[in-house]
Amino acid sequence: MQALSADQYDRLNRLAQVWERDFLEAARRAPGDNPRLGVDALCFQPQALPDGRRGLLGALITPGSLSLALVPEDDEACPGEGARLTLALPSGRYPFQAVSLRAGEWLWLCTLLDDLSDLDSVQDGSRLAQRLMAQVMAPAAAE
């Protein structure tokens, strides 16, 4: 896995903070809320987008979900709330949806787990995100 630059880490941290400001209150009211979890962007690595541009792919963990997140590297405008993108990864094809955040920020999300209520700690969430990314980036088993 390629190490990210300080600017890339700063951008991911900023996106997690903006997501928290925009959505945390609503997430706390949702049925699958886990009060032991916060919002974090984890395990990101460079990833080519279908049109050849570059982005960062990783896991976004929130109190209620674990999602694949794809962050375009350039400062392009959001293609529109709910726009769709399918990304082919080693383990298969994943459907992403554009999510607009405040301050002009946005990202592509593919929710994989929508109930994290059984996790006991932030560390459990981090380990789950690491396992998720390892599985997503591993080639699919031959049938």
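How many of the residues of strand E2 are buried?

Before the answer, a word on the model. This is a predicted model, where local features need pLDDT of at least 70, side-chain atom pairs count only at pLDDT 80 or more, and totals for chains, interfaces and linings use all residues. Residues are numbered from 1 along each chain as its sequence is written, and side-chain values use heavy atoms, with hydrogens and water left out.

So, E2: this strand is mostly covered, with 7 of its 8 residues buried. Buried here means under 20% relative accessible area, exposed means over 50%, and partly exposed is in between, with a 1.4 Å probe and protein chains only. Helices (H or I, at least four residues) and strands (E, at least two) are DSSP runs, numbered from the N terminus.

What sits beside E2? On one hand, E1 and E2 pair in the antiparallel sense over 7 bridges; on the other, E2 and E3 also pair antiparallel, over 7 bridges. Pairing requires that DSSP finds at least two bridges between the strands. Asp-40 stands opposite Ile-61 in E2, and Leu-56 faces Val-71 in E3. The hairpin of E1 and E2 has 5 residues between the strands, and Gly-52 there takes a positive phi near 95°. The hairpin of E2 and E3 has 4 residues between them.

Now let's follow Leu-56 to a few contacts, meaning heavy atoms within 4.5 Å. Setting aside residues up to four places away in sequence, Gln-8 touches Leu-56 and Glu-73. Gln-8 lies in helix H1, residues 6-29, and counts as buried because its relative accessible area is 17%. Glu-73 lies in the loop between E3 and E4, and with 34% relative accessibility it counts as partly exposed. For a sense of scale, Glu-73 and Asp-120 are 47 residues apart in sequence and 33 Å apart in space, C-alpha to C-alpha.

On to the cores. A nonpolar core is a set of buried Ala, Val, Leu, Ile, Met, Phe, Trp, Tyr and Cys residues joined through side-chain atoms within 4.5 Å. The largest one has 26 residues, and Leu-66, Leu-68, Leu-70, Phe-96 and Trp-108 touch the most other members. Strands E2 to E6 and helix H2 (122-136) each supply at least two of its residues, and the largest share, 5 residues, comes from H2. Apart from this core lies another, of 19 residues, among them Leu-15, Trp-19, Ala-41 and Phe-44.

Last stop: the cavity. H1, E1 and E3 each supply at least two lining residues, with the largest share, 4 residues, from H1. By class, the lining has 10 nonpolar, no polar and no charged residues. Here Ala, Val, Leu, Ile, Met, Phe, Trp, Tyr, Cys and Pro count as nonpolar, Asp, Glu, Lys and Arg as charged, and the others, Gly among them, as polar.
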